[in-house]
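Visitor: I am new to this structure. Please show it to me, and then let me ask some questions.

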Amino acid sequence: MKPYITLAGLALMLGSCSDFLNVNPTDRYTQTTYWKTREQAEAALFGTYNALTNGNLYADPVSMEAATPNHYTYNNTGGAGFIAQGIHDAANDGIINNKWGACYVGIGRANTLLDNIGAIQMDEALKKRYTAEAKFLRALFYQNLLVHYGGVPLILETPNAEKQGNLPRNSAAEVQAQIIKDCDEAVVDLPLTIDSKGKATKGAAYALKARTLLYASQWEGAAAAAKAIIDAKTFSLYPDYRELFQLDKEGNSEVIFDVQFKYPEFTHNMDINLTDFNSTAPLPDLLNDYYMKDGLPANKSPLFDPKAPYANRDPRLSQTVIIPGSTFRAKVVTPTTFGFTGIGQKKYTVYKDNEVGTTIPGGQSQINYMVFRYADVLLMYAEAQNEVAGPDQSVYDALNLIRKRAVMPDVAKGLTKEQMRAEIRHERRIELAGEGLYYHDIRRWRTAEVVMNGDIFNFDGKKIGSRKFNKDRDYLWPIPTIVTQLNSALEQNPGYGK
């Protein structure tokens with residue numbers, strides 16, 4: 001950073017040639033004067049956490065459900081509409097352009113902290129913890145880049161445009177290796193629990209490691225990382241699935257790591273997008289996949305009534321979505337309440353069924369987004385362990401815990417590995433519906449080319465659009481045009497041109 005010349009320094013310089021130029025102003029910090037105290041290190045760490053609230057990261061991750069068979073967006077909310085239609089490219093979709101930069105802002109803040117905290121005189125245990133938190137956060141930002149773009153430039157030092165502005169892409173394997181390295185180093189000095197909300201713990205680092213390895217189909221490592229969380233017994237399923245996502249139940253026993261939002265400083269607009277605007281609207285394709293209360297698919301269950309197709313379903317259906325005939329915000333929902341698909345999402349809204357509820361001015365919301373929760377860990381463990389060893393008892397135990405909380409029957413015994421795989425994939429779709437994770441699931445399972453090609457329909461069976469997924473292109477996003485224009489060393493992903 002260049003030194004500042006203050007007015008006082010300029011006056012002294014003009015007044016006497018023997019006076020010194022003041023390069024350490026007292027009215028602002030520079031890179032050389034900032035890193036002195038614990039409070040300054042803490043502020044830098046808070047700034048790194050704050051990068052997670054960027055609107056292109058976790059302020060509206062639900063919007064990516066509209067790039068799956070779960071939801072639809074009429075107005076390209078979060079860029080998911082273009083992606084769902086297969087018309088996105090390196091320049092025309094905001095989320096593709098903006099997520100890249102948002103991640104590197106967080107990475108830059110983490111790197112700056114890691115490069116400078118060592119020289120600060122402060123409690124060594126606290127210094128190690130802050131360092132571990134920064135490494136976890138850096139890994140989380142890189143995981144966001146990896147899952148969307150594949151290999152990216154791997155930068156591990158304080159931002160320096162001259163040195164880093166023309167770096168080529170590292171391979172996906174190299175980026176993944178760094179994520180795992182950061183997680184492994186972070187878990188050593190992170191606490192099991194912490195009083196401060198939204199801070200990283202050992203469980204968060206293990207969860208990030210498990211997700212990274214799961215997405216790479218590295219089953220043994222994923223199962224081991226997830227099992228470390230299970231064995232620690234630090235987290236547990238919150239008893240009430242609907243309340244799990246309520247504002248007054250934040251920080252409950254299931255939350256492993258969440259992004260903290262608070263009105264008026266740090267807010268998002270999921271409340272108004274999901275309800276009033278119906279911008280990310282559930283589809284019947286999702287509703288039809290919920291089992292009946294007897295644990296059977298609708299087409300195999302005696303409980304199914306074609307005159308009331310969504311009665312007697314897995315209770316998570318009515319705790320996640322809003323359908324005509326139900327009650328929401330103390331009103332009976334009509335076919336036109338949610339005009340685009342006829343269905344709304346209640347998960348991740350502040351509203352309740354029997355209360356009108358109020359919206360924060362400007363349609364803003366402050367519900368925290370759960371990046372990792374315990375049910376997801378159980379599902380990650382079940383999936384990975386099934387791939388390693390088949391459906392052993394630990395796989396059944398993990399799934400049945402989730403089913404029990406949902407008041408659903410246990411998984412049928414005697415399943416083959418392939419049958420259990422199908423059950424786990426079904427359970428992930430239902431348990432995590434409306435949370436923005438299914439987009440990554442259908443891509444890593446390589447099923448997107450099947451489920452994202454075809455027409456979509458509203459609650460009344462009327463066609464409202466079509467989807468297209470190019471299997472030779474769309475499993476990765478393009479590197480943004482503005483980035484490749486600034487850095488010609490970056491190779492574009494296949495299918496997106498130069």
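Guide: A term first: buried means under 20% relative accessible area, exposed means over 50%, and partly exposed lies in between. The model is a predicted one.

Visitor: Is glutamate 265 buried, partly exposed or exposed?
Guide: Glutamate 265 has a relative accessibility of 49%. Exposed would need over 50% and buried under 20%. Glutamate 265 therefore counts as partly exposed.

Visitor: Which residue forms a salt bridge with lysine 262, and how far apart are the closest N and O atoms?
Guide: Lysine 262 is itself partly exposed, at 47% relative accessibility. Its salt-bridge partner is glutamate 265, and the closest N and O atoms are 3.6 Å apart.

Visitor: Which helices hold glutamate 423 and arginine 403?
Guide: The side chains of these two residues, glutamate 423 and arginine 403, meet in a salt bridge of 2.9 Å, N to O. The pair links distant parts of the chain, 20 residues apart. Glutamate 423 lies in helix α16 and arginine 403 in helix α15.

Visitor: Is arginine 403 buried or exposed?
Guide: The relative accessible area of arginine 403 is 2%. The cut-off for buried is under 20%, so arginine 403 is buried.

Visitor: How do α5 and α6 run, roughly parallel or roughly antiparallel?
Guide: Helix α5 (residues 94-116) and helix α6 (residues 124-149) pack at an angle of about 160°, with axes 9 Å apart. Angles over 145 degrees count as roughly antiparallel. Therefore α5 and α6 are roughly antiparallel.

How values were computed
Residues numbered from 1 in each chain as written. Predicted model: local features only at pLDDT ≥ 70, side-chain atom pairs only at ≥ 80, totals over all residues. Heavy atoms only, no water. Axes fitted to C-alpha atoms, helices over the stretch in contact; angles between N-to-C directions. Helix = DSSP H or I, 4+ residues; strand = E, 2+ residues; numbered from the N terminus. Parallel < 35°, antiparallel > 145°, perpendicular 65-115°, else oblique. Salt bridge = Lys/Arg side-chain N within 4 Å of Asp/Glu carboxyl O. Buried < 20%, exposed > 50% of the residue type's maximum accessible area, 1.4 Å probe, protein only.
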